[in-house]
Amino acid sequence: MIFRYKNISISLDEELYKDYISNHLKTSNTETGGIICGYYSSDLTSAVVTKMCLPTPDSILKQASFQRGVQGLKNFLKNEWDDGKYYLGDWHLHPNASPIASKQDLMQLENNAKDKTLKCPEPIMIILGGNKNCITVNIYLFIDGDIKVCERDL
Ligand SMILES: [Zn+2]
């Protein structure tokens, strides 16, 4: 899948989350999520998501909220950086609901942009919704101090 905002594209392979999300939805009704890693094209206009990480052990998974923890992230990101991969943003699941960002989600995205340890001034937020038979996706991008919704290429 390719998502776009103006000249920026983000590519995401559903294989990165499909099995984990389907399994999660079979056994749990909580939100879940984690960080997203990947790389950029040399002109920085396209981002490729290569990993959607599982929740860190200190993440808080509730029925209508997800708070991503930080445990182990510093070391994990260092290894990714050594491999030419970077923190691109966060993802989380809205179980049996639409993948529309809540006010809290938008605040989190803005906070991620400001978080110096993440070194990502223009992060993305992938929100998954739907159910185990049909997972839906929205991608939000923080850019030029504002939050934009990316359009999915058909
Ligand atoms: Zn949310």
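A: Start with the open sheet of 9 strands, whose order is E10-E9-E8-E7-E3-E4-E2-E1-E11, with mixed pairing. Strands here are DSSP runs of E, at least two residues long, and helices are runs of H or I, at least four long, numbered from the N terminus. Two strands pair if DSSP finds at least two bridges between them. This is a predicted model: local features need pLDDT of at least 70, and side-chain atom pairs count only at pLDDT 80 or more, while totals for chains, interfaces and linings use all residues. Residues are numbered from 1 along each chain, as its sequence is written.

The edges are strand E10 (146-149) and strand E11 (151-152), each pairing on one side only. E11 pairs with strand E1 (residues 2-5), antiparallel, over 2 bridges. There, Phe3 stands opposite Arg152 in E11.

Next, what lies across the sheet? (Axes are lines fitted to C-alpha atoms, for helices over the stretch in contact; angles run from 0 to 180 degrees between N-to-C directions.) Its buried residues are Asp105, Gln108, Leu109 and Asn112. (Buried means 20 or more other C-beta atoms within 10 Å of the residue's own, exposed means 12 or fewer, partly exposed lies in between; C-beta atoms are placed from the backbone.) Seen down the axis of H3, these buried residues fall within an arc of 100°, so they line one face. (The arc is that of the directions from the helix axis to the C-beta atoms.) The cover over them includes E7, E8, E9 and E10. The face of H3 turned away carries the exposed residues Lys103, Gln104, Met107 and Lys114.

Now the core. The largest nonpolar core has 31 residues, and Ile10, Ile36, Leu88, Ile124, Ile126 and Ile139 touch the most other members. (Such a core is a set of buried Ala, Val, Leu, Ile, Met, Phe, Trp, Tyr and Cys residues joined through C-beta atoms within 7 Å.) Strand E3 (33-40), strand E4 (46-52), E7, E8 and E9 each supply at least two residues of this core. E8 gives the most, with 5. Not counting residues up to four places away in sequence, Ile139 touches Phe3, Ile10, Ile124, Ile126 and Cys150. (Contact means C-beta atoms, placed from the backbone, within 7 Å.)

Last, a loop. Leu44 sits between E3 and E4. Leu44 has a positive phi of about 65°, although it is not a glycine. Leu44 counts as exposed, with 9 C-beta neighbours inside 10 Å.

Terms used. Contact = placed C-beta atoms within 7 Å.
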